[in-house]
Amino acid sequence: MSPRESPIAAQRARNARLLAQAEQLALADRAEHGGEELPVILLPANSRNTVELPEASRDAFLDRLRGTIAEAFSEAVRDNSAPMSAEADAARQDAGWALPASIPAMPDIIGASCGTCRGECCTAGGTHGFLHADSIMRVRAQLTDDGETVTAESLEARYASYLPARHYRGSCVFHTTAGCHLPRALRSNLCNRYVCGGLAQLTRALVSTGQTSAYVAAADSVHLRRLALVTVAGSRAIPLRDVN
Ligand code: SF4
Ligand code: SF4
């Protein structure tokens with residue numbers, strides 16, 4: 001970085017370099033395997049190791065959840081026909097993103113892309129998992145709609161039962177090598193709606209080209225960590241030889 005270069009400009013320059021490396025590898029992959037030209041998208045990368053979920057993290061999560069559940073139960077069960085929460089709407093609008101109707105397989109493509117990144121956004125989940133009262137009210141309403149009698153204790157026990165034995169060091173308590181250990185219905189509104197800038201870019205690229213495959217590269221602030229060809233049928237990892 002030159003003395004006058006701002007941190008943002010430096011990060012942009014690094015991203016441009018990392019994207020160029022990914023494009024080079026994608027080109028080599030096409031030369032080897034054939035196929036049409038595809039978008040190449042840069043995503044973040046989680047490069048943490050896993051550890052046993054610390055007892056202190058488990059306790060901190062449950063303590064906090066207990067308070068959040070008490071807050072959610074201080075109100076009557078929500079009418080579930082009401083629109084999604086303001087929190088979820090805001091998250092979606094912030095990202096400027098909506099699931100494109102023109103690509104029915106987009107959830108699978110997103111799943112494979114997030115699998116290549118390994119959940120960098122989940123590292124912000126800490127011992128809360130973004131589970132605010134709003135999300136707990138939604139979960140309570142959904143379970144009640146399903147015919148369950150939901151108490152504060154039963155809900156806490158349900159969340160506790162999904163705490164994993166191991167997770168990524170310092171990340172969300174539910175963040176494991178297999179993805180989020182919580183079933184989607186129990187995740188926060190924010191977790192269920194969030195898309196990062198890279199995924200939004202991937203979506204725009206596929207919608208504008210009409211394609212359903214792309215090369216997705218996962219990089220930290222310095223190195224490319226992973227590259228994969230993502231298609232509706234799954235993803236194929238591409239070795240990073242001669243790059244780093
Ligand atoms: S939304 Fe973005 S940061 Fe989060 S797991 Fe997916 S690709 Fe990674
Ligand atoms: S609850 Fe799941 S989706 Fe949400 S931050 Fe934690 S691991 Fe990620």
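Begin with Ala214, whose bridge partner in E7 is Val230. The model is a predicted one. Strand E6 covers residues 214-219 and strand E7 covers residues 224-231; the two run antiparallel and are joined by six bridges.

These two strands belong to an open sheet of four strands, ordered E1-E6-E7-E8. Pairing in this sheet is mixed. At its edges are E1 and strand E8 (234-237), each of which pairs on one side only. From one strand to the next, the twist averages 30 degrees.

Helix H1 (residues 7-33) lies across E1, E6 and E7, and runs at about 130 degrees to E1. H8 also packs on the sheet, where it touches E1 and E6. The direction of H8 makes about 160 degrees with that of E1.

The ligand comes next. Which residues come nearest to ligand 1? Of the 13 residues around it, they are Cys114, Cys117, Glu120, Cys121 and Cys196. Strand E1 (40-44), helix H4 (106-117) and helix H8 (197-209) are the elements that give two or more residues to this shell. H4 gives the most, with three residues.

How do the residues of the shell around ligand 1 divide into nonpolar, polar and charged? Nine are nonpolar, three are polar and one is charged.

Conventions. Residues are numbered from 1 along each chain as its sequence is written. Chains are lettered from A and ligands numbered from 1 in the order in which they are written. This is a predicted model: local features need pLDDT of at least 70, side-chain atom pairs count only at pLDDT 80 or more; totals for chains, interfaces and linings use all residues. A residue is near a molecule or strand if its C-beta atom, placed from the backbone, lies within 6 Å of it. Ala, Val, Leu, Ile, Met, Phe, Trp, Tyr, Cys and Pro count as nonpolar, Asp, Glu, Lys and Arg as charged, and the others, Gly among them, as polar. Two strands pair if DSSP finds at least two bridges between them. Axes are lines fitted to C-alpha atoms, for helices over the stretch in contact, and angles run from 0 to 180 degrees between N-to-C directions. Two residues are in contact if their C-beta atoms, placed from the backbone, lie within 7 Å.
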